[in-house]
Amino acid sequence: MFNLEKAIREWRKELRKNEALEDGFITELEGHLRDAIERQLEQGKNEEEAFYYSIKSFGDYNLIGGEYHKTKSRRINKKPPWQVSKWMPTMLAHYIKVYKRNLLRNKVSSFINITGLALGLASCILITIWILDEFSYDRFHINAERIFGVVDDINIDGQKISIVNTPAPLAAALIEELPEVSAASRYQKPFEENMLKYGDKCFYEKKLVYVDASFLEFLTFPLIRGYNKSALSDPNSIVISESTAKKYFGDENPIGKILLLDNKHDLMITGVFANVPHNSTLQFDILVPYEKFEFTRGLNWFSNSPQTLLQLKENVSAADVEKKIRKLIQSKQKGGIGDTYSLLPIKDFHFSVYFEGKGRMTSIYIFSVIAFFILFIACTNFMNLSIISSAERSKEIGLRKVVGSTRKSIAFQFLGEYTLLVVCSLLIALIIAALCLPLFNTLFDKNLRFINFLGWNTLFAMLGIVMFTGIVGGIYPAVILSSLKPAVIFKQINVFKIKKISFRKLLVVFQFFLSIILILIMSVIYSQLDYIKTKDLGMDKEQIMVIELRGGAAGKYEVFKNNLTGSPSITDISGSSHLPIRMRSGGEVSWQGKLTDDKTRINIASVDYDYCKTMKIDMLEGSDFSEKTLTENADAVLINEEMLKIMGHKTAINEILTFGNPRPFRIIGVMKNYHYLPLSMKIGPLILCNFKGNAFKAYTPGYVLIKIKQKDISGTIDLIKEKWQKVYEYMPFQYSFLDEEFGAAYKDDTRLGNIISVFAVIAIFISGLGLFGLASFTVLQRKKEIAIRKVLGSSIIGITKLLFKEYFNMALIANVIAWPIGYYIATKWLEDYAYKTTVGIKVFAIAVIFTFIIIIISVGYQSLKAAYTNPVKNIKYE
Amino acid sequence: MVTRALIAASSKPLILMVLRDGENYGYQIIQRVKELSGGEIEWADGMLYPVLYRLESEGLVKTKWKISNEKRMRKYYRLTEAGRAELETEMKQWFSVNEILSRLWNPNPTVSKI
C-alpha cells in the first residue's frame, strides 16, 4: 500500500543527507512538493503517480544544494564540502598545529604519558629481542634442516634419563652403512680440563672438544685462517678460536705453530675459527682430532661416550634413518636395545631436555607474559591519561562540532594524535632500549646487539606494536570524546558519566594487581636467597680456599699439604675427593640387616683425616678420623645420621659396611647431618671414607681445602701460590672460595630474582605514573566539591583523606585478589627446594606497604595541591 | 526552447517581475512563469528556490512565513525598494540589448537615436 505521508518522509530524509539543505529550505521544498502533488491529484492521478511525477520535475538535489551553498559562501567557484577531495593537506597542517600546541600546554601529563609508554615499550622491545634470540639458536648452520644429533633415553632404576652420549664407533658406522647419511662426526667433551702450553704461556682449557675431521665440513663454523675441508685431516692438527689465538699468540699468525697438549701431544695449528656465537648449543674454543682422546675403556659399542652429529642427504626421511640407526646399533650391540636412540634435529637442541633446555620454553612463556603485562599496564595508563588530557579539551571538541566537524573526523583526529604520541614514545623507547642493552645482557647472561635485529621483520613488528598500542590506547577515548554533545559541554554539565569512571577504576585495580603479583614473587625469591645465604649448613664454608687437583696432581697432595702446614695465616688444611657441597656420588653398599630390594642411593666420598675438623662438622657418636687411627685402621669410615636411620640400627659403631671392590669397612663415628649438597636436595645418607682406605680408585684427593685467617687474605693467597709453584712447577695455580662455589649453585635463581625485581620496579613505576595522572583528573573533576568542603570547614587533612580513601579501596581490592595467586605461584616455585623459607606474613606485608607507598607518593601530591587551593578560584561562576 | 544560459540569466528578472504584482510563494511563482511563457520556459522546480534564497540575501526581496488554511507552512516573498530598483535596471539592460539585436537583424540598418 502506497503511503503518501511515508513517502514524503522518506523524501525528506533523502534531502537531509545533503549538508547544504538546511531544515528551513527543506520545509519550503516540501510545501512545494505538496502543492504539486495536489495539482496532480486534481488532474486525476492517484497518490503514487502524483508523488513520483512531482518528484521527477524537481531536479537534482545535489545541484540544488550546490546553488544554496554558492550563495552562502559568496564565492562563485568554491566547491561544496562533499565535492572537495578527501585528502585535505590544509587540514593536516592544522591538526599538527593543534597537536603541538596541546602537547606543550599539558607538558606534565604529556610527559607522564610518553614516559610510561616508552618504558613499557622499551621493556617489550628488550624481551622481544631476547625471545627472538632464543629462537635463533643453531639456525646459522647451512642446511640446518638436515643436521641431527643422536640422542638416547635410558632407564636407570625406573628413572628415565635423557643423554646425548652415543657409542664411539657409531659415527664411522653411519657413514659406511647408511647411504642416506652424507657426513657424521663424533663430538667429545673431555672428562677433565686439558692443559695447553706454548712457550711460557700455559693455561687450563675448559672448552676443548675432540671431533672428527668432517666436523668442520658440515657444521658452519667458518675458519678465518685455514681451510675447513682439510684443517683437521692430519691427526696431529689442532684448530683454535680467535680469542684463544689472541691469548697464546697475541697478534701473531698462529698457523703452523705448535701447541703442547697435556704435556703429551705436539699439535700443529692448522686453522683459526671465528669465536663461536652465543646462540650455538655447541660451544668450544679448541678442536682436536678424536684420535687424541684417551679413554680406551669406553671406545666400543657397549659404552656411550661421545655425541654423534650427522648430516642427511637431501630429500631423505629422518624417520626412516632413525629406524635404520636403531637397527644398526641393535645389531652391533648384539642383543642390546637399539630402540632407545632417536634423531634430534639441531634446530631443537636449545629447547630439548637433552641439552638442559627443558626450562627454557617455560622461561620464554613467563617473560612473554611479563612483557605483555607491562605493555598492558602502559597501554591502560595511556588510555586513562589520554582521556584525562582530552577531557580538558572538551571545549575544543564542542566547538569543532558546532562548526561542523563530523563525529568521524573528530575520532580520527584524536586517534591520529594518539598514534603520533605512540610513535614519539616508540622512538624514545628505542633509545632507552639501546642504552639499557648492556645491563640487560648482564641480567640475562647474553650478548645481544641491536644490529643483529635491524631488518624488515623488526620494522614490521614495530609498526605492528605502534598500531596496536595507538589503536588500543586511543580507540576508547576517541570514541567517547567524539560522542560528546556540544550543548552538554558548554553548559558545564559533568561531561563524563559515572559509568566511565568505574571502567578506569577497573584498569587501575588491574595495574595494581599485576604489580603486586610481581612484588610478591620478587619478595619470595629474595627471601629464599637470603635463607640460603644465612642457613646453617652444619659445616663451615667461610674463608675456605678450594684448589682443584687436576691431572696427576693428586699424587703430590701430601707434599703440598706438608709444605703449607705451620704457616701462621693458615688454620687448617684438608682434602676431599669431591667438592664439600657437591658430594653426590655413590655405589652399592650393603650391611647387616639390609633388605635386598632396598635401592636407596647412598653417597660416598673420601676425605682426609682432618676433614671434619677443618669443616667443623660435629660428631654425634663415636670418634672422628685421626692421624693415628688411620695408620692402624685404614678401613675406618664415618657415616651421617641419615645413614644410621637407613640402616635401621640404634647404634652403628663398629658395624661393618661392604662396598667398593667390594671390601669391608668399619664405622667408627656418626656425624651430625649437614648439607653436603645444594639446598634443593634433601640430605641423604653419606659415607665418608678416608684417603688411606683407598675405597675407589677414583676417590683420590680431588680438592685441597685450606682454611685461611681473615687478616691479609691476599697476602695468604700469594703465599699459597708460592708453595704451589714450588711443588707443582708446570701446573697453573687456580683457586676459588667455598662460599663462592656455594653461591654459584644458586646463580640462576639470583639472576631470576634480579630480573623479576627489575620488571617489578618498572611495572610499579608505570602504575605510579598512571595513578598520578588519574589522581590529577579526579581532583579536577571534583574541584568544586573540594572547594565547597573547604568553605564549609573541612581541614586539609580531611580533604586529603577524602581523596586517599578512593585509592586505598582500590589498592585493597587488588591486594585481596592478588594474594592467593601470588601465594600459589610462589609456593610452586619453592617446591624445587628441599629446604625452603616459609611464605609468611612478611612477604605480604611488603606488598601492601609497597602499594601504599605508591599511592601516597602519586596521589599525595595531587591531594595536597587540591587541599591547599583557594576555594574561591573554583567556585567562581565562569 | 530557450537555452540554459538564457534561462539562468532571465530567472532573476522574471521572478522580480512576477513579484511586482504582489507577494507570492514559490510554487505559484513557478506556475506563473510557466503560464506567461506559454511553456517556453520550463524550470526544474527545485532550482527556483536557491535563486529566491540569493535574492533574499542580496536584499532584493523580503520573506515571511504564513500558515495556510490547510495547516501548510508557506514562505511568501515580496519585493523591497531595492528590488524594484534592481528590476528597473535589469529591464533597461534587457531592452537595450533587445534593441541592438533588432536593429542589427534588420537588412536595412538605419542609424537612429536611442
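Started with K616(A), which I found in the loop between helix 18 (611–615) and strand 18 (619–622) of chain A. This is a predicted model, so I keep in mind that everything here is computed. I looked up the phi of K616(A): positive, about 55°, although the residue is not a glycine.

Where else does a positive phi of about 55° turn up on a residue that is not a glycine? I got Q543(A). I traced Q543(A) to the loop between helix 16 (498–534) and strand 14 (544–548) of chain A.

Next entry: a helix in chain A. Where does helix 13 of chain A bend? I located the bend at L437(A), about 50°, with a proline, P438(A), following within four residues. I also checked what comes after helix 13 of chain A: D445(A), with a positive phi near 60°.

Over to chain B and its sheet. I noted an open sheet of three strands, order 1-3-2, with antiparallel pairing. Which strands stand at the edges? Strand 1 (24–25) and strand 2 (61–67) of chain B do; each has a single partner strand, so one side of each is left without a neighbour in the sheet. I then went through the pairing of strand 2 with strand 3 (residues 73–79) of chain B, which is antiparallel and runs over seven bridges. As a spot check, I found V61(B) opposite L79(B) of strand 3 of chain B. Helix 1 of chain B packs on this sheet and touches strand 1, strand 2 and strand 3 of chain B. I wrote down about 95° between the direction of helix 1 and that of strand 3 of chain B.

Last entry: the helix pair in chain B. Helix 1 (residues 4–20) and helix 2 (residues 26–36) of chain B pack at about 105°, and I have their axes 10 Å apart. That angle falls within 65 to 115 degrees, so I logged helix 1 and helix 2 of chain B as roughly perpendicular to each other. Which residues make the contact? From helix 1 of chain B I listed L14(B), V18(B) and L19(B); from helix 2 of chain B, I29(B), R32(B) and V33(B). By class, this contact of helix 1 with helix 2 of chain B comes to five nonpolar, no polar and one charged residues.

Note on methods. Residues numbered from 1 in each chain as written. Chains lettered and ligands numbered in written order. Predicted model: local features only at pLDDT ≥ 70, side-chain atom pairs only at ≥ 80, totals over all residues. Heavy atoms only, no water. Axes fitted to C-alpha atoms, helices over the stretch in contact; angles between N-to-C directions. Helix = DSSP H or I, 4+ residues; strand = E, 2+ residues; numbered from the N terminus. Parallel < 35°, antiparallel > 145°, perpendicular 65-115°, else oblique. Contact = heavy atoms within 4.5 Å. Nonpolar A, V, L, I, M, F, W, Y, C, P; charged D, E, K, R; others polar. Bend = angle between axes of the 7 residues up to and from the residue. Pairing = 2+ DSSP bridges.
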